[in-house]
Amino acid sequence: FWPHKGGHEKYAQEVCSRLIDKDTKVDVITASLDGEPSKDFICGMRVIRVPTWHLIGGTFPVPKPQVWSQLKVLGKYDVVMTHTRFFPLSFVGALYAKRNNIPHIHIEHGTAHTGSKPFVFAVNWLYDHTIGWFILKKATAVAGISEASARFVKHLCKRETLLLLNSV
């Protein structure tokens with residue numbers, strides 16, 4: 001999430017900003033990167049950065065176990081929104097929503113299994129068809145940011161999706 005730049009980050013920030021414009025309270029739970037405060041307010045959003053291990057050259061943040069104690073004190077939400085099945089925090093969000101009986105909206109950004117090397121591709125395929133499948137299947141609603149991401153959701157879990165084009 002902001003201040004980091006990228007497609008996922010920009011999309012999530014746009015969705016949150018539009019919700020705030022409609023007088024909706026928004027909390028963002030994201031990975032903590034070195035030197036960032038654990039709680040911050042950015043453009044009207046409370047941003048909570050949970051401790052993570054940074055695997056695969058720092059590109060794959062895996063939440064540390066204390067994430068659950070941080071989430072327990074947040075209170076009750078009307079909805080949980082996750083982005084991209086491949087990030088472990090999306091799995092945490094899906095479990096949090098399920099455990100607390102909260103509607104869960106998942107927005108999928110991916111369009112294919114990833115990995116240029118056979119072993120990496122196989123691990124990613126396995127992750128997508130287990131944990132990714134759980135995130136998509138258990139969500140109350142799923143949206144894709146493109147036609148390609150909607151097709152990928154259908155491939156993973158045989159589920160129809162809404163289409164929410166980037167920043168719309």
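The legends below describe an overall view and several close-up views of a predicted model.

Local features are described for residues with a pLDDT of at least 70 and side-chain atom pairs count only at pLDDT 80 or more, whereas totals for chains, interfaces and linings use all residues. Residues are numbered from 1 along each chain as its sequence is written, and side-chain values use heavy atoms, with hydrogens and water left out.

**View 1. Overall fold of the protein, with five helices and nine strands.** Helices (H or I, at least four residues) and strands (E, at least two) are DSSP runs numbered from the N terminus, and their order from that end is α-β-β-β-β-β-α-β-α-β-α-β-α-β. The radius of gyration, 15 Å, is close to the 15 Å that the globule rule gives for 168 residues, so the protein is as compact as a globular protein of that length; the radius is taken over C-alpha atoms, and the rule is 2.2 Å times the number of residues to the power 0.38. Along the principal axes, the C-alpha atoms fill a box of roughly 40 × 35 × 30 Å. Of the 168 residues, 42% are buried, where buried means under 20% relative accessible area, exposed over 50% and partly exposed in between, with a 1.4 Å probe and protein chains only. Among contacts (heavy atoms within 4.5 Å) between residues at least 6 apart in sequence, 50% join residues at least 24 apart.

**View 2. The buried side of helix α5 and its cover.** The buried residues of α5 are Ser149, Ala150, Phe152, Val153, Leu156 and Cys157. These residues cover an arc of only 160° around the axis, which puts them on the same side of α5; the arc is that of the directions from the helix axis to the C-beta atoms.

**View 3. Lys158 and Thr161 in the loop between α5 and β9.** Just after α5, Lys158 takes a positive phi of about 55°, although Lys158 is not a glycine. Lys158 is exposed, with a relative accessible area of 66%, while Thr161 counts as partly exposed at 21% relative accessibility. Leaving out residues up to four places away in sequence, Thr161 touches Val142, Ala143, Gly144, Ala150 and Val153. The C-alpha atoms of Thr161 and Arg151, 10 residues apart in sequence, lie 8.5 Å apart in space.

**View 4. Pro63 in strand β5, residues 60-63.** Pro63 counts as buried because its relative accessibility is 13%. Apart from neighbours within four places in sequence, Pro63 is in contact with Pro51, Thr52, Trp53, Pro88, Leu89 and Val92.

**View 5. Thr84 in the loop between β6 (80-83) and α3 (88-99).** The phi of Thr84 is near 65°, a positive value in a residue other than glycine. At 5% relative accessibility, Thr84 counts as buried.
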